[in-house]
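Me: I have a model open on my screen and would like to learn how to read it. Could you walk me through it?

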Amino acid sequence: MNPLTTPVGVSHFMAVGAVMFVCGVVCMAAKRNALGVLMGIELVLNGANINFVAMSSPFLSAHGRGGLGLDGQFIALFVIVLAAAEAAVALAITLNFYNNHATIDVDRADELRG
Amino acid sequence: MEAINWHSFFFFLFALVACGLAVMVVLSANIVRMAFYLTISLGATAGLFFLAGADFVGAMQLMIYVGGTLVLLVFGVMLTAQGPFVSMKTRGGDWILAAILSATLLAMLVPAAFTVPEWLGPGGGHHAAEHGVTSTGSAVAPLSQPTSTPLGLGLLGVRVDKLGDQPEELKAGMASYLLPFEIISVHLLVVLVGAAYLARTKRRRDVRPSDVRPSDVRLESP
């Protein structure tokens, strides 16, 4: 079956979302740069957003009915706005940490270790 | 030879760009290149939103994410990318753990996405054939309505997309997003004020405010 001649569905979108989610999780876990961790968070939120939008689309499921309707797009919009807010605060914290410690290595941020 | 479904073609194009550059964000060690790859990946994600029929969300993705959040991130990169912080290598043991984690997550998530037959696409699952949906491959759906008006009205408390769904007595309490919209706008204001307060440049002061007694202050003032 040629994938280019058959219509795509929610599953394909969710596979893309899963790949972006996993990339974000690995980015958060493996990067030592604090800004790299931030970029991982953005990737995770985007993977979730792809799932929400795909579930809300009426063109992708078998019965021509989106499972979430327009609610998925509302949630996706809220996620985008919250990601912007989160990036602003996290960047401010990162800059503060950089000003105080002259490094952005997250492994060096161990002052709160018990 | 069937005709190429251009919806599927552009989906695979955008999906390839989005996933490939997301993987390159993970594999790259240079923070500046990571920011660039992330920009392209999020732009391709906006293309995926357009393909799913969410035109307003795709436009917001381009404007807020690619135009706002990533500019913020790039500013952070420029302010901190000095000398040893441009490229910070991950240790080998971390890579092995990350590879195990990612392989496990992918092996769980991707097959799970393909288990529901309704999600396999219009005409993809066998349910669709039972219900008489043609699987010609062309013309996925009729032309979509623009979603910006229903979304905007839903944020104001009127769900024009659900008017026919509910009985009359439930319409007064119909689920709308006025309260979350207000909460999120106040939240955004508070967060941005807090971020500006956190990131302001502080002058180094030798005397902490707790050390200054009121009598000292009174002596300085004329």
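Me: Let's begin with the fold. How many helices and strands are there in chain B?

Reply: Chain B has eight helices and zero strands, so from the N terminus on you simply read α-α-α-α-α-α-α-α.

Me: What share of the residues of chain B counts as buried?

Reply: Of its 222 residues, 26% do. As for contacts at a separation of 6 or more, 46% join residues 24 or more positions apart.

Me: Which helix has the lowest confidence, and which the highest?

Reply: Start with the general idea: where pLDDT is low, the predicted coordinates should not be read in detail. In chain B, helix 5 (residues 126-130) is lowest, with a mean of 43, while helix 2 (residues 31-51) is highest, at 93. Residues 125-141 of chain B have pLDDT below 50, yet this stretch makes 34 contacts beyond near neighbours in sequence. Residues 218-222 of chain B also fall below 50, with zero such contacts. Over chain B as a whole the average is 79, and 75% of the residues score at least 70.

Me: Now the partner. How many residues of chain B are in contact with chain A?

Reply: There are 84, and they meet 70 residues of chain A. Helix 3 of chain B gives the largest share of that side, 13 residues.

Me: What does this side of chain B have by class?

Reply: It has 57 nonpolar, 23 polar and four charged residues. For the model's overall scores, note ipTM 0.91 and pTM 0.83.

Technical notes: Residues numbered from 1 in each chain as written. Chains lettered and ligands numbered in written order. Predicted model: local features only at pLDDT ≥ 70, side-chain atom pairs only at ≥ 80, totals over all residues. Helix = DSSP H or I, 4+ residues; strand = E, 2+ residues; numbered from the N terminus. Buried ≥ 20, exposed ≤ 12 C-beta atoms within 10 Å, placed from the backbone. Contact = placed C-beta atoms within 7 Å. pLDDT = per-residue confidence, 0-100. Nonpolar A, V, L, I, M, F, W, Y, C, P; charged D, E, K, R; others polar.
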